[in-house]
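Hi,

Here is the structure I said I would pass on. Have a look at it first, and then read my notes below.

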Amino acid sequence: MSDLTYDVCIIGAGPAGLAAAERLHAAQRSVCLIDRRAHPGTKACGGGLTQAALARIPRDVISTGRPCRVLEVHSAGWRSRIHTDTPYMTLADRTTWQAQWRARLIARGVRIHTETRLLHLTKNGVATSCGHITCGHIIGADGPNSRVRRALGLPTAIGSIALQLRHTHAPDAALLPAVWFWPTHFGAGYAWRFPHPDGCRWGVGVPTQTHDARALKAAFQHFLRHQSLDETRGIREGGNIGCHYVGHRFGRVWLAGDAAGLASPVTGEGISQALISGDEVAKEICCPNYRSRAIARLGGQHRRTFAALAGPLPGARLLHSAAWLLRIPSLGRTVLSRFAQTAPSKIDV
Ligand SMILES: Cc1cc2nc3c(=O)[nH]c(=O)nc-3n(C[C@H](O)[C@H](O)[C@H](O)COP(=O)(O)OP(=O)(O)OC[C@H]3O[C@@H](n4cnc5c(N)ncnc54)[C@H](O)[C@@H]3O)c2cc1C
């Protein structure tokens with residue numbers, strides 16, 4: 001790469017970076033995306049897309065997916081089944097939809113450099129493993145371990161850590177998506193089972209306030225044993241989740257998605273927040289007087305959530321109680337509408 005010049009250089013071709021590129025290109029800004037991976041999108045992920053996420057991915061990009069209308073909720077001593085008329089989540093393989101979105105952007109003239117790693121920020125752009133890029137603005141959409149965020153001198157975005165076992169064979173068609181709240185093992189975190197058509201994903205996510213990597217591993221192994229799953233029969237993967245938001249606008253440097261710490265500290269859902277913030281940051285770049293209310297709302301929600309989890313009731317008890325309330329139809333409706341934008345039609349206890 002010889003020295004290239006763009007209006008905006010986006011670091012990271014995940015959901016946040018793709019959404020930002022889409023908006024900037026539509027606003028006729030010259031934009032380039034770099035990603036250290038050869039195939040961005042191959043990171044560990046449950047692949048669950050809420051309505052908010054689906055609504056922000058171009059329609060021609062997602063061709064397949066499993067819409068989910070029933071959720072099993074398990075906890076110590078009880079289990080319930082929540083039914084919804086419209087899907088509360090769609091399970092879709094992000095490797096595929098991210099690749100299709102990249103192809104769509106490339107076809108429109110956006111430059112995407114894969115296998116290109118950000119090294120450091122410079123006075124007038126970014127130094128990468130493949131050369132220098134000169135640009136007016138830089139968007140750090142480089143995930144929870146963001147190098148851009150570190151270059152700004154900000155504290156880590158990481159608020160949760162997760163481990164997952166991914167099967168590579170089709171699951172039993174009757175297997176439903178499920179979540180487990182076991183405060184003694186997962187604290188204020190939870191476990192999930194997401195049966196994708198090409199293989200089920202079983203994971204555990206926990207807050208870093210209460211669990212380090214070793215405690216997460218113990219909780220994950222306990223979960224796998226309980227489900228009679230053999231860890232060696234599938235792909236074991238893991239990752240961090242960025243949920244500490246301290247701002248997204250730092251002069252000509254911007255943060256979006258997990259790099260900005262915008263994933264949910266409760267559910268670990270981060271794709272919709274990445275799509276929203278990528279788009280909103282791009283709008284702020286294009287219109288200097290625009291201030292994103294959506295990002296302010298997400299940041300405010302996170303601050304209140306952390307305050308509640310650290311409050312007089314320990315976070316684990318609080319989440320466990322909230323899960324129990326899902327069994328009461330009126331409250332279940334409020335909780336699901338808040339997190340998945342879909343109200344339950346029936347709850348079996
Ligand atoms: C196990 C697990 C399961 C999850 N399941 C779900 C789920 O079911 N639903 C949901 O909504 N969320 C889920 N999440 C959270 C979700 O994956 C993230 O919130 C989301 O991917 C954030 O998108 P992003 O674009 O901000 O960052 P990312 O998707 O992390 O993308 C960042 C990109 O930046 C690139 N990059 C990083 N550093 C550099 C560098 N130095 N130079 C160049 N490129 C770089 C990376 O290669 C990557 O492609 C899960 C997370 C984990 C860990």
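Thr-156 counts as partly exposed, because 15 C-beta neighbours sit inside 10 Å of it (20 or more other C-beta atoms within 10 Å would be buried, 12 or fewer exposed, and partly exposed is in between, with C-beta atoms placed from the backbone). Its place is the loop between helix H4 (147-151) and strand S12 (158-166). Ala-260 is 104 residues from Thr-156 in sequence, yet their C-alpha atoms are 9.6 Å apart in space.

Before you go further, note that this is a predicted model: local features need pLDDT of at least 70, side-chain atom pairs count only at pLDDT 80 or more, and totals for chains, interfaces and linings use all residues. Residues are numbered from 1 along each chain as its sequence is written.

Glu-115, in the loop between strand S8 (111-113) and S9, has a positive phi near 50° without being a glycine. Glu-115 is partly exposed, with 13 other C-beta atoms within 10 Å. Ser-228 is also a non-glycine with positive phi, near 55°. You'll find Ser-228 in the loop between helix H6 (213-226) and strand S16 (235-242), and with 6 C-beta neighbours inside 10 Å it counts as exposed.

Now the whole thing. The protein has ten helices and 19 strands (DSSP runs numbered from the N terminus: helices are H or I with at least four residues, strands are E with at least two). The radius of gyration is 20 Å, close to the 20 Å from the globule rule for 349 residues, so the protein is as compact as a globular protein of that length. That radius is taken over C-alpha atoms, and the rule is 2.2 Å times the number of residues to the power 0.38. The C-alpha trace spans about 60 × 45 × 40 Å along its principal axes, and buried residues make up 46% of the 349. Of the contacts between residues at least 6 apart in sequence, 68% join residues at least 24 apart (a contact means C-beta atoms, placed from the backbone, within 7 Å).

On to helix packing. Helix H1 (residues 15-26) packs on helix H3 (residues 94-107) at about 20°, with the axes 11 Å apart. Axes are lines fitted to C-alpha atoms over the stretch in contact, and angles run from 0 to 180 degrees between N-to-C directions. Leu-18, Ala-21, Glu-22 and His-25 of H1 meet Gln-98, Trp-101 and Leu-105 of H3. H1 also packs on helix H7 (residues 271-286), at about 35° and with axes 7 Å apart. Among the residues making that contact are Gly-17 and Leu-24 of H1 and Gly-278 and Val-281 of H7.

Last, the strands. S3, S7 and S4 form an open antiparallel sheet in the order S3-S7-S4 (strands pair if DSSP finds at least two bridges between them). S3 (48-49) and S4 (66-68) are the edges, each with a single partner strand, so one side of each has no neighbour in the sheet. Three bridges join S4 to S7 (residues 89-91), with Arg-66 partnered by Leu-91. Elsewhere, S9 (residues 118-122) and S10 (residues 125-128) pair antiparallel over four bridges, and form a hairpin with two residues between them. Leu-118 has Thr-128 as its bridge partner in S10.

Cheers

Note on methods:
Two residues are in contact if their C-beta atoms, placed from the backbone, lie within 7 Å.
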